[in-house]
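Biologist: Please show the chain under discussion, and let us then take its features in turn.

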Amino acid sequence: GQRRVPIETINWIEAARDYVLLHTDLRSHLLRITMAALEERLAGSQLVRVHRSAFVRPDRVEEVQRDGRSLALVLAGGAEVQVGPSYVATTKVALGLE
């Protein structure tokens with residue numbers, strides 16, 4: 001079956017080949033869509049692309065870990081999401097770090 005997942009309930013999204021996993025507080029949902037198509041659909045939403053294979057909701061970020069020039073985000077619930085090198089500047093702006 002199909003289930004609607006409101007955007008405001010999604011904490012982060014990760015790529016899984018031709019699918020994405022939408023992670024909420026309660027569970028994860030599998031959706032068949034590419035990251036590029038999803039990025040278009042999420043334009044203007046609260047989710048920010050932080051890696052070629054991940055989006056996060058900035059208000060769910062509890063910790064930013066720096067290792068040299070790379071960043072990792074620790075989200076509420078304990079998930080750790082790497083920030084891709086080409087997404088560092090936009091992620092810092094979205095998190096209010098710059």
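Biologist: What percentage of the 98 residues of the protein chain count as buried?

Modeller: This is a predicted model, in which local features need pLDDT of at least 70 and side-chain atom pairs pLDDT 80 or more, while totals for chains, interfaces and linings use all residues. Residues are numbered from 1 along each chain as its sequence is written, and side-chain values use heavy atoms, with hydrogens and water left out. Buried means under 20% relative accessible area, with a 1.4 Å probe and protein chains only. Of the 98 residues, the share that counts as buried is 35%.

Biologist: In what order do the elements of the protein chain run from the N terminus?

Modeller: Helices (H or I, at least four residues) and strands (E, at least two) are DSSP runs, numbered from the N terminus. The protein chain has 2 helices and 8 strands. Their order is β-β-β-α-β-β-β-β-β-α.

Biologist: Why is the protein chain described as being as compact as a globular protein of that length?

Modeller: The radius of gyration is taken over C-alpha atoms, and the globule rule is 2.2 Å times the number of residues to the power 0.38. For 98 residues the rule gives 13 Å, so the chain is as compact as a globular protein of that length, its radius of gyration being 13 Å.

Biologist: Which residue in β3 is the bridge partner of L22?

Modeller: Two strands pair if DSSP finds at least two bridges between them. Strands β2 (residues 19-24) and β3 (residues 28-32) run antiparallel and are joined by 5 bridges. They form a hairpin with 3 residues between them. Within this pairing, the partner of L22 is H29.

Biologist: Which residue in β7 stands opposite Q65?

Modeller: β6 pairs with strand β7 (residues 70-75) in the antiparallel sense, over 6 bridges. These strands form a hairpin with 2 residues between them, and G68 in the turn has a positive phi of about 70°. Opposite Q65 stands A72.

Biologist: Which residues does R60 touch, not counting those up to four places away in sequence?

Modeller: R60 lies in the loop between β5 (54-56) and β6 (61-67). Its C-alpha atom is separated by 5.5 Å from that of A76, 16 residues apart along the chain. With contact meaning heavy atoms within 4.5 Å, R60 touches N11, D25, V74, L75 and A76.

Biologist: What share of the contacts with a separation of 6 or more comes from residues 24 or more positions apart?

Modeller: The contacts considered are those in the protein chain with a separation of 6 or more. Among these, residues 24 or more positions apart account for 34%.

Note on methods. Buried < 20%, exposed > 50% of the residue type's maximum accessible area, 1.4 Å probe, protein only.
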